[in-house]
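Welcome, and thanks for taking a look at this one with us. Please have the sequence and the 3D view open side by side as you read.

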Amino acid sequence: MKLRSRSLLAAAVALASNGALSADTYLNVFFDSAPMQGINVKFDGQDLGMTDERGSVSTYTPAGAHTIELYRAGVLLTSVQYEVDADEDAEISVTFPEDDDSPEITVNKFDSDDAQATGYVGGIITDRDGLPIAGASVVEANSGREAMTSADGSYELELPRGQYSFDVSHPDYSGATIRDIRVLADLGVVASLQLSPRPSGVGISVAAPIIQGPVEEVLTVGTYKPSDSSLGLERFSTNVVDALDIEQMARFGDSNVAVALTRLVGVTVTGGKYANVRGLDGRYISSTLNGFLMPSTDPMRRDVQLDLFPAGILDSIEVQKTYSPDLLGTTTGGALKITTKGLPDERTAKMSLKLGSNSEYIGKEIITYEGSNGDWLGFDSGLRDLPQNVVDATDGGTSLTVGCSFDFCVDPLTAAQYGVEFQDDYNVGTKKSNPEVEMALSFGDITDSGLFGYYGALKYSYGTDVRMDAQLSNPFEVDGEYNRSQENYSLDGYFVFGSNFRAEDEILSRTMLLRDSDNTTRVDSGFDNGEDIYIDKVILEWVERQFFSQQVTGKHVFDIGADAHQLDWRIAYSNTNRYEPDRRQYAYYSGTLSSSSFERRWSDLDEDSIDYGFDYVAPVEFTSWWTTEFAVGALVSEKSREVELYRFGIQPMPGSDLDLSVDANLEETLAYYNFALDKVRIDPNTTSTDSYNADENVTAGYLNTTTDLGDSWTVMLGVRQEDFEQILEYPNSPESNNSLESSEALPAFSLTFAPGESWQFRAGASKTVSYPGIIERSQSSTFDPETDRPIFGNPNLVYSTIDNLDFRVEYYFSDEESVSLALFNKEIENPVEQALPPGSGSAAKGITYRNSEAATLNGIELDASVNMFETGSWLGFISGNVAYIESEVTLDEMSLALEGEAQQGRELQGQSPWLANLQLGFDHYPLEQKFTLLVNYYDDRIYRVQRAARTGPEYEVGRTEINFNYEKMFSETMTLQVQAKNLLDSEVEYRIGDRITESYKKGIEVSAKVSWEF
């Protein structure tokens, strides 16, 4: 597909050509959008010289066939064959893309008097201090065509190819004339200059200086590549793709990946962390970071916790919604591709400071408990450490009766020694909430030759999420209220180093350490309808999440015959850790402390991952209208997880006079002296399956072909062979060991038809797979970290297979404006969902996992973006999307019996029927301001299934959130951003039937961020 390129002034680079527009060849060589200097050029076998600092060279061209060859360090990069008639010019552009498979070569030929082809002239007009001049007039001398500079001093004119002069004027500055500027077809010429202030005084006349072009200080030329933008990525992909680039994320104020994803059509985020694409949760989504698999830091889910990845290290986010064989076999809802920053184009240094407030709780008293000295940095300083000698003495936390045959046979002195090892911090207090704080620093540079470069980023942030007087009204569980405060500490570091040792070759090393810690205090009070008692419950929890990754990637382009082949390789080690030290939970039943509900829990999840793989792409041109790109690749991913979990309770001794009432001070009740007096003992509650080891291995290879038939048709056909193995081993319970294996061939087919530059039609079919998560098959006794409900794994789970159909039609008004309509269908065999466990009492409140028989999902997505108006001072745009999704689940016999016959055919859990986004933006050029209104809506979605006696599942009620962002650039080095989030402040609600079972407010968040660039 051919698309006329248009200059992007912000990305323009130095290039100029000499000579008359007659019987000449003009060669321009780029790497991405940067000129390539020092390329040796041979014309018909004779040395023509080297490209200059603008990447250009030209020569007189006689009629006939010619060959141009490009060399660097004696290595042939590419060659161009073309033919011209007498008095016919040739304009040749060779661009080596940063990510594409082979150089993009365009050859345009024109008669000397051809005025049909056009190019662009633009630039930036500044004063002597380098500050932009708004309202300057730039007039082409012959035609009188005029452009006015905007607030950033930029202008642009579209002109037929040829040679021109321009008069530049402004009432406050001396005028100037730029002469001999050559416009080439389909390229942009950037002519920028500085104006001197007009001298004051009456009768003074100052002649306009004449600037001959090309002049190195003022004249530059560059090309705009559509793939540099998110819209271009979507347009030129052979699959259905939605994308966000870093500029959009900055404008929308998205602080991390999870927030940014909510802008994409058909995508929502649950719990502020987990993506749901086209109604499908994380088990149907593949996630990669720079092409590598991402391990999860949540032991309870297969999802990746996306809030862990801050916007400051990101380059782009792409969601490919159709499967292709180069992706993981779990790409059903979509493939989430996160790309972090690479090498900078130039020296850069940036610092930012952000402060935020919340209308609901900032400045008010919030609940808290005694923490450690290192909490403010996100590290427990040792206060919450598990006493190792107690673990050793209690047989791994399983028994206090080691060597005994009956309970409590340990002598009182020994029992006391174990009991006093634990910190006696239980009480809940209050403190005044603090404002949100974020500090970030980034820096980078690249050598003049572009051979070596680096980029680094550091960030620290603190925030609070508080639910004050949240209401509970569940007729089957608790009527009452709760308060919850959660303080978040984030500390991130990122560093990339690499080399572009040839223009098209690259080796990068990326190192990242991302830490996120949550300190949670929760107090519940109410009447438990299921147990018929009043309950007061307290949870004190500290969780540290950490992601470390060391990645090395390489890209190499080389010629085989007349074709450019590309080899990409990658290898990475990563480690994720979720550390939950000393989670304390206790409850009072009808005013009396329940020893059975008292628990102190230590858990540590550590997962190592090694990934390596390669992709090799080879294009073959069969005829002038038939070209096929063959791609082969392989992936090996080996994950090893180790989980340690220890649980301890308390046991009041018979006849003790402990005060267990709700009015008593618990820290006095469980003080060290009461353990020493043997009034109470610790009670080890760890089970033999609480700790386990797990391995997950994926081995895959693929073959894919992408065939261009003329300019209108593209066919993608390929297959992936993916083998999956999951092994769970229990060191303390070998008889519980189990494994799951899968070996599937996963084909994919897509067809793209582009009848012109504006229309595009896509259709595709594929088969994908979904694997159950480790915890879903584990027999370890675990608890949901949000609800504290018991989780019962199911080792009998099997994997699911999915048949996918996709169709999308797109229309492009311009490079920046488009509308698209997509339809999709998915047929799922053996879908895994959360399910109800059989049983009664506390077990009935838990969850398990089960394969349903089948599920069907259908949806439609509409996405559009248009510029409403653009004047010399204002730009207004509107973009938005809406998705409608419906699903139907065929329940298995057990789930049907527990949920009830009425739930046969219910929707998938977590799937909203309607999703919508709206972005409305205005840019004011003279004062360099941006105004953006963001609207996000999601419909009701199943939060949790319920038993047949109840009136259907519990739903998270849909809600609309409106945010407003303001940005003001005070100078080239200082920018202010102000955000107001959740302006409606509507309640977050859950319901069963028509009854609201839980509700709370999030508050209106307001923040200001100042950034400085150096």
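What follows is a short tour of backbone angles, aromatic rings and charges over rings.

## About the model

This is a predicted model, in which local features need pLDDT of at least 70 and side-chain atom pairs count only at pLDDT 80 or more, while totals for chains, interfaces and linings use all residues. Residues are numbered from 1 along each chain as its sequence is written, and side-chain values use heavy atoms, with hydrogens and water left out.

## Two aspartates with positive phi

Let's begin with the backbone. Asp395 is not a glycine, yet its phi is positive, at about 55°. You will find Asp395 in the loop between helix 4 (388-393) and helix 5 (412-419); helices (H or I, at least four residues) and strands (E, at least two) are DSSP runs numbered from the N terminus. Asp395 is exposed, at 53% relative accessible area. Here, buried means under 20% relative accessible area, exposed over 50%, and partly exposed in between (1.4 Å probe, protein chains only).

Asp985 also has a positive phi, near 50°. The loop that holds Asp985 runs between strand 57 (974-981) and strand 58 (988-992). Asp985 counts as buried, with a relative accessibility of 11%.

## Aromatic pairs

Now for the rings. The structure holds 29 aromatic pairs, where rings of Phe, Tyr and Trp (its six-membered ring) pair if their centres lie within 6.5 Å; planes under 30 degrees apart count as stacked, over 60 as edge-to-face and the rest as tilted. One of these pairs joins Phe422 and Trp602, tilted, with 5.6 Å centre to centre and 50° between the planes. Phe422 sits in the loop between helix 5 and strand 29 (429-432) and Trp602 in strand 37 (residues 599-623), so their pairing ties together parts 180 residues apart in sequence. Phe422 is buried at 6% relative accessible area, and Trp602 is buried at 4%.

Tyr943 and Tyr990 make another tilted pair, with 4.8 Å centre to centre and 55° between the planes. Because Tyr943 belongs to strand 54 (residues 941-944) and Tyr990 to strand 58, this pair links parts 47 residues apart in sequence. Tyr943 is partly exposed at 34%, whereas Tyr990 is buried at 10%.

## A cluster, and charges over rings

Trp713, Phe753, Trp759, Phe761, Tyr811 and Phe813 form one aromatic cluster.

Arg515 lies over the face of Phe379, 3.8 Å from the ring centre. A charge sits over a ring if NZ of Lys or CZ of Arg is within 6 Å of the ring centre and within 35 degrees of the ring normal. Lys968 places its charged end over the ring of Phe970, 5.6 Å from the centre.
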